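Here's a quick walk through the two chains, starting with one of them on its own and then moving out to where they meet. Keep the viewer open as you read.

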Amino acid sequence: MPSRDVLKAQVVQKIAKVAERPPEKIREKDRLWEDLDMGPLLRKAMSKPYTKITKKYEGGLAISMDEAEALETVKASIDLVTRRANGDPQ
Amino acid sequence: MRRRLSACIVMSLLSTVVQGADWLKNLKVRHSLLDQNMVATPATVAFLKPQQGRSSYNVDAALAYNFSHHVETFSLGPMLELHKNTDLDASQDTLLAGVTGTWLTGDVTEGSIAAFLDFDASYKRDRSAGTKGTQLHATLTPLIKTKHVPLGGLLKGSAQFKWLLQPTVGAEYDDVSEATAGVPTGSRVRAIGDIEADFYPWATRLSKRLSLAVKYLVRLDISESSALNDQRDRHYLRTASLNYYFSPDKTGSAQIGLGLDRVDGENPSIGLSDQEYTQFSFKLKL
């Protein structure tokens, strides 16, 4: 069972890469649109890198494009990846 | 073309995701699914009651349900789209019903390009034109990582002024199999080219609540049945929308704002005939 802290580092790394910021400048409370400038299509396209993280773990589930697009904050992204990496479909 | 500045109440329905029950999470509500990769354009319902003359309304709404919600690169499901406007000189009454899907290729965190391939196959009924038939629509929307031009879905610019560019290309097959007396039947193949530019003045200070969205849509008839050949092969639609929302976007709460929309041109994909109008409206985004 991957811990939230382990997954947080990976999610922040992915977000930092597309938001063109250093990972240490990304905070959990940052809003993907208002603070990090990530438009709806870019958020939607994050389904693939997020799923690459979740599928690394046994029983990990995919994150759909609609789910990724609906994410509003870094915290929400970490929480969703944590749930799916631990096999929680909700 | 009639030019009108009208005041009306616009209810913008859910633009991307409805929170709540599981089935609602897989329901998408948009202005249209044929331009779904434009920066979220909410569905609209407007009603106009002038002091003189008859009242009118318009609806631009598209619903899609995603059955493949446990897949990260593919979505597929039924769709229903309605465009009806009784207020225009040339009224619009188009229904599209069928299936819609999206395929994502590429990883935005690894390569310099990723792309969405969207496709729709639908029954099309256009009461204004008096036609029924089938429409197949496929578009490619790329996310291209560049240093200065915001083509990758990430806003660029300074804290005071940010902007985003979103191009789309594609093709469409529009077949008219039934028509009222005197209206020709046949098929057309159109090339599609759309570009949207979104500007956010005072982006940091206003949390992107003020925006100007400018869109330019082109449809070129590249092949058509002789009966449909009307010598008008180029169709342009230019729109500009200035919106200001009073509160920031928050999950579970509505955003209320004001908007000024300018529409000039036509879009045969959704049965929108050539027109030009300006509309001032209240906006509500959930």
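Of the 90 residues in chain A, 51% are buried. Keep in mind that this is a predicted model. Along the principal axes, the C-alpha atoms of chain A fill a box of roughly 35 × 25 × 15 Å. As for contacts in chain A with a separation of 6 or more, 61% of them join residues 24 or more positions apart.

| Helix of chain A | Buried residues | Packs against |
|---|---|---|
| Helix 3 (47-54) | Ser47(A), Lys48(A), Pro49(A), Tyr50(A), Thr51(A), Ile53(A), Thr54(A) | helix 1, helix 2, helix 4 and helix 5 of chain A, strand 6 of chain B |
| Helix 5 (74-85) | Val74(A), Ser77(A), Ile78(A), Leu80(A), Val81(A), Thr82(A), Arg84(A), Ala85(A) | helix 1, helix 3 and helix 4 of chain A |

Why is helix 3 of chain A largely enclosed by the rest of the structure? Because 7 of its 8 residues are buried. Helix 5 of chain A has 12 residues and reaches 16 Å from its first C-alpha to its last, close to the 16 Å expected at 1.5 Å a residue. Just after helix 5 of chain A comes Gly87(A), with a positive phi of about 80°.

In soluble globular proteins, nonpolar side chains tend to be buried together. Here the largest nonpolar core has 36 residues, and Met38(A), Leu42(A), Ala45(A) and Val81(A) have the most contacts inside it. Two or more residues of this core come from each of helix 1 (4-19), helix 2 (40-45), helix 3, helix 4 (65-70) and helix 5 of chain A, and also from strand 7 (113-126) of chain B. Helix 1 of chain A gives the largest share, 6 residues. What does Met38(A) contact, leaving aside its neighbours within four places in sequence? Met38(A) touches Val18(A), Ala19(A), Leu32(A), Trp33(A) and Arg43(A), and across in the other chain Gly153(B) and Leu154(B). Apart from this core lies another, of 9 residues, including Leu33(B), Leu34(B), Ala62(B) and Ala64(B).

Next, the interface. It puts 33 residues of chain B in contact with 28 residues of chain A. On the chain B side, strand 6 (92-105), strand 8 (131-144) and strand 10 (161-179) each supply at least two residues. Strand 10 of chain B has the largest share, 3 residues. By type, the chain B side divides into 12 nonpolar, 16 polar and 5 charged residues.

One last stop in chain B: is Gln160(B) buried or exposed? Gln160(B) counts as exposed, because it has 12 C-beta neighbours inside 10 Å. You'll find Gln160(B) in the loop between strand 9 (156-157) and strand 10 of chain B. Leaving aside its neighbours within four places in sequence, Gln160(B) is in contact with Trp202(B) and Ala203(B). Gln160(B) and Thr102(B) are 58 residues apart along the chain, and their C-alpha atoms are separated by 34 Å.

Conventions. Residues are numbered from 1 along each chain as its sequence is written. Chains are lettered from A and ligands numbered from 1 in the order in which they are written. This is a predicted model: local features need pLDDT of at least 70, side-chain atom pairs count only at pLDDT 80 or more; totals for chains, interfaces and linings use all residues. Two residues are in contact if their C-beta atoms, placed from the backbone, lie within 7 Å. Helices (H or I, at least four residues) and strands (E, at least two) are DSSP runs, numbered from the N terminus. Ala, Val, Leu, Ile, Met, Phe, Trp, Tyr, Cys and Pro count as nonpolar, Asp, Glu, Lys and Arg as charged, and the others, Gly among them, as polar. A nonpolar core is a set of buried Ala, Val, Leu, Ile, Met, Phe, Trp, Tyr and Cys residues joined through C-beta atoms within 7 Å. A residue is buried if 20 or more other C-beta atoms lie within 10 Å of its own, exposed if 12 or fewer, and partly exposed in between; C-beta atoms are placed from the backbone. The expected span of a helix is 1.5 Å times one less than its number of residues.
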